[in-house]
Amino acid sequence: MPLPLASTLPVLDFSFCEIQDVRDLLRVPARHGKAYVAPVQETAATTQETQPRPKDRDNDEDDDDGAHSGQEDDTSTAGKDSLKKGPSGGSGEPETEEAMQNAVQYITSSVKLGNNRLADASSLTSVLKVVVIDSVKTITSLDLSLNLLTSIPGCLAELTHLAVLYLHANAIKDVEEVHKLKPLEELYFLTLNGNPIENTKNYRFFVLWALPKLKSLDFVTYSKRDRETVGTYVSFFKPGQPARKKGSGGR
């Protein structure tokens, strides 16, 4: 089934759901969102073509689930395989595998996960591949604000069309973390205020140097003068180079 344009897709809202583990998205009902429903015509056609034998019913039903999801192809399967291995690469928990089979799938371009208790979101995209139809291509906005994150999830680089990212009011300490967002060529709006990195000297210029396509940081638009100043900042502070040790000739 062809999906609507990303800009017309409804918001998927998991904010204020007391989520502590991204895998909770497989079990917790969204506060708001549009669930994907397989077209009746596709379902009927699949049933007629399959006609499973009794002993093969389990396998055939699994195949039907993939067909009914429409857009659940390689990305959804990859997400499930990743989660089955568990967060550390070991065997996944039985309840997680059951949750994957029963997870509601949604159609959306914007996911809200703010005001939860997430301290680790390293497997977030694997979960989104299960929960959101064609997530890698459709998600353009993601809200992870007001959580407990100490680093920027590197997996976000998989969301190739992500344009808006809220990360404010977390516990991210190292400004170098923003380099993880470099692969996101469409990212233009970012929030990081309320994190310890906000106190880094020349913080706004460092972020713009690392992400030159960014248009707005912390709800404030970068001006033409800001972009001109970045050149001076780079010449003077030389970001990205090893810091000079004290007593090595520098003041």
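**Charged pairs, core and backbone**

Student: With which residue does D21 form a salt bridge?
Tutor: A salt bridge is a side-chain nitrogen of Lys or Arg within 4 Å of a carboxyl oxygen of Asp or Glu. For D21 the closest N and O atoms of the pair are 2.8 Å apart. The partner of D21 is R23.

Student: What pLDDT do local features need here?
Tutor: Residues are numbered from 1 along each chain as its sequence is written, and side-chain values use heavy atoms, leaving out hydrogens and water. This is a predicted model, in which totals for chains, interfaces and linings use all residues, side-chain atom pairs count only at pLDDT 80 or more, and local features need pLDDT of at least 70.

Student: Is R23 buried or exposed?
Tutor: Buried means under 20% relative accessible area, exposed over 50%, and partly exposed in between (1.4 Å probe, protein chains only). D21 has 26% relative accessibility and so counts as partly exposed. R23 has a relative accessible area of 13%, so R23 is buried.

Student: Which residue pairs with E158 in a salt bridge?
Tutor: The closest N and O atoms of this pair are 2.7 Å apart. The pair links distant parts of the chain, 29 residues apart: E158 is in the loop between β5 (141-143) and β6 (164-166), and its partner is in helix α5. Helices (H or I, at least four residues) and strands (E, at least two) are DSSP runs, numbered from the N terminus.

Student: How many residues are in the largest nonpolar core?
Tutor: A nonpolar core is a set of buried Ala, Val, Leu, Ile, Met, Phe, Trp, Tyr and Cys residues joined through side-chain atoms within 4.5 Å. L124, L142, L190, L192 and V207 have the most contacts inside the largest one. The helices α4 (94-102), α5 (124-131), α7 (203-210) and α8 (224-237) each supply at least two of its residues.

Student: Which residues of α7 are buried?
Tutor: Their cover includes β7 (189-191), β8 (216-217) and α8, where contact means heavy atoms within 4.5 Å. The buried residues of α7 are Y203, F206, V207, L208 and A210.

Student: Is α7 roughly parallel or roughly perpendicular to α8?
Tutor: Axes are lines fitted to C-alpha atoms, for helices over the stretch in contact, and angles run from 0 to 180 degrees between N-to-C directions. The two helices pack at about 95°, with axes 9 Å apart. Angles under 35 degrees count as roughly parallel, over 145 as roughly antiparallel, 65 to 115 as roughly perpendicular and the rest as oblique. The angle of about 95° therefore makes α7, relative to α8, roughly perpendicular.

Student: What is the phi of N115?
Tutor: Most residues other than glycine have a negative phi. N115 lies in the loop between β4 (110-112) and α5, and N115 is partly exposed at 29%. Although N115 is not a glycine, its phi is positive, at about 55°.
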